[in-house]
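Q: I am new to this structure. Please take me through its labels and say what each one rests on.

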Amino acid sequence: MLDIQAEINQQERALKKALSTAQTEDALEKVRINYLGRNGHIANLMKSLKNLSVDQKREFGPKLNAFKQAAEQSLAEKKHGIFKSQLRAQHEENRNFDVTAYEPNQKFGSLHIYTHIIEQLSNIFMSMGYDIVDGPELETDYYNFEALNIPADHPARDHHDTFWVSDNLLLRTHTSPVQIRSIENSDLPIAVFAPGRVYRNEALDASHEFNFMQGECLYIDKKISLSNLLATAQAFLQAFFGKDDLKIRVRPGFFPFVEPGLEIDASCPFCSNGCSTCKKTGWIELLGAGLVHPNVLKCSGIDPEIYSGFAFGFGIERLAMIKYGIDDIRLFHSSKIEFLDQF
Ligand code: DAH
């Protein structure tokens with residue numbers, strides 16, 4: 001009699017311990033089979049009742065039943081506990097995807113104004129059938145000057161405050177050398193647009209940088225005339241400023257690699273009778289241009305009697321500054337988030 005009671009007490013303690021160490025559903029199922037299974041501890045105790053007297057059966061039968069019910073209840077409670085802690089763990093794991101964690105003031109990256117503007121320019125020229133090309137920033141005297149009809153002692157070199165790297169190597173002072181590289185590398189006719197970085201040894205102020213960007217357009221074919229140049233320049237500027245009624249005006253200009261050389265102004269995109277952008281003149285100076293000089297064609301092996309071409313170049317920052325009302329060129333290389341954020 002005492003044995004059965006001792007057995008029940010011991011199994012109760014053992015079950016309590018087994019339940020406290022079981023942390024997973026699988027472990028819990030093993031405990032259930034051990035205690036409540038067909039051959040489990042409780043079933044075995046029930047079987048052992050058979051050998052007891054009627055009185056003993058009356059005493060221990062209900063005790064065993066109560067133990068069985070308590071065991072079932074503890075197992076159910078433990079199962080619920082495991083389920084809840086699994087949910088909690090899952091929630092922890094999914095925390096990063098919780099939409100309520102969104103912070104409305106988070107900063108996102110944006111395109112740099114250079115990327116943005118070069119994409120706009122390239123798209124316009126591509127839509128007119130031009131290829132986008134580039135050339136090295138470290139150039140030779142030949143490509144930067146000589147082949148562009150600017151020989152060693154030519155006074156035009158004085159306009160290019162050049163960073164010389166060695167007797168023959170320099171940081172290119174304009175994108176015009178890409179004209180020569182394009183002629184050398186492609187078959188005629190040629191239609192290219194070359195945006196890129198250029199360098200001039202100038203003091204820094206609101207409108208001068210020693211490291212800035214230019215865009216260069218070159219078109220060579222048979223029978224190319226000033227009309228082609230003017231129509232192309234106007235179509236380009238109209239597309240860039242998004243103004244179909246933008247007009248251009250032409251003044252004579254001198255650049256050794258074009259003949260005739262021109263300065264092209266655009267009618268102010270922002271006013272009809274004078275504003276601060278056009279300094280109350282109604283016109284803005286934008287492009288250096290001209291028909292490709294016969295010497296340049298000859299130097300690169302093209303017969304100027306058969307082929308002719310036009311070229312124009314411009315400062316990329318200047319175009320962007322006018323379009324977006326930026327008043328200081330130094331902002332392009334600054335890390336001011338308030339400025340960069342806008343593009
Ligand atoms: N390369 C010239 C400069 O940096 C700009 C220029 C003038 C480019 C006339 C041209 C051109 O293609 O035809 O000042």
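A: Start with one term: a strand here is a DSSP run of E with at least two residues, numbered from the N terminus. Strand S7 covers residues 258–267, and Pro-260 lies in it. The model is a predicted one.

Q: What makes the peptide bond from Glu-259 to Pro-260 stand out?
A: That bond is cis, with omega near -5 degrees. Most peptide bonds are trans.

Q: Which bond joins Leu-188 and Pro-189, and where is Pro-189 found?
A: A cis peptide bond joins the two, and its omega is about -5 degrees. Pro-189 is in the loop between helix H7 (177–185) and strand S4 (190–199).

Q: How do you know whether Ser-127 is buried or exposed?
A: Set its value against the cut-off. Its relative accessible area is 62%, which is over 50%, so Ser-127 is exposed. Ser-127 is found in helix H5 (residues 113–127).

Q: What makes the pair Ser-127 and Ile-124 a polar contact?
A: A polar atom of the Ser-127 side chain lies 2.6 Å from the backbone oxygen of Ile-124. A polar contact needs N or O atoms within 3.5 Å, so 2.6 Å meets the distance limit.

Q: Why is Thr-232 called buried?
A: Buried means under 20% relative accessible area. Thr-232 has 13%, so it is buried. The residue is in helix H8 (residues 226–241). Thr-232 and Thr-162 are 70 residues apart in sequence, and their C-alpha atoms are 31 Å apart.

Q: What puts Ile-8 in the buried class?
A: Its relative accessible area is 4%, which is under 20%, so Ile-8 is buried. Ile-8 belongs to helix H1 (residues 2–21). The C-alpha atoms of Ile-8 and Gln-234 are separated by 101 Å, and the two residues are 226 apart along the chain.

Q: How do you know that the buried residues of H3 line one face?
A: Helix H3 spans residues 41–49, and its Ile-42, Ala-43, Leu-45 and Leu-49 are buried. Look down the axis of H3: its buried residues fall within an arc of 160 degrees, so they line one face of the helix.

Q: Which residues come nearest the ligand?
A: There are 15 residues around the ligand, and His-174, Ser-176, Arg-200, Gln-214 and Glu-216 come nearest. Strands S5 (211–222), S8 (283–292) and S9 (307–315) each supply at least two residues of the shell.

Q: How much of the ligand does the protein cover, and where does the ligand sit?
A: On its own the ligand has 350 Å² of accessible area, and the protein covers 90% of that. The ligand sits in the largest pocket.

Terms used:
Residues are numbered from 1 along each chain as its sequence is written. This is a predicted model: local features need pLDDT of at least 70, side-chain atom pairs count only at pLDDT 80 or more; totals for chains, interfaces and linings use all residues. Side-chain values use heavy atoms; hydrogens and water are left out. Buried means under 20% relative accessible area, exposed over 50%, partly exposed in between (1.4 Å probe, protein chains only). Helices (H or I, at least four residues) and strands (E, at least two) are DSSP runs, numbered from the N terminus. The arc is that of the directions from the helix axis to the C-beta atoms. A residue is near a molecule or strand if one of its heavy atoms lies within 4 Å of it. Accessible areas come from the Shrake-Rupley method with a 1.4 Å probe; for residues, only the protein chains shown count as cover. On a 1 Å grid over the protein atoms alone, a cavity is a set of points where a 1.4 Å probe fits but cannot get out, and a pocket is an open set with protein on both sides within 12 Å along at least five of seven lines; lining residues have an atom within 4 Å of a point. A molecule sits in a cavity or pocket if more than half of its atoms lie within 2 Å of its grid points. A polar contact is a pair of N or O atoms within 3.5 Å; within protein, one must be able to donate a hydrogen and the other to accept it, and residues adjacent in sequence count only if both atoms are side-chain atoms.
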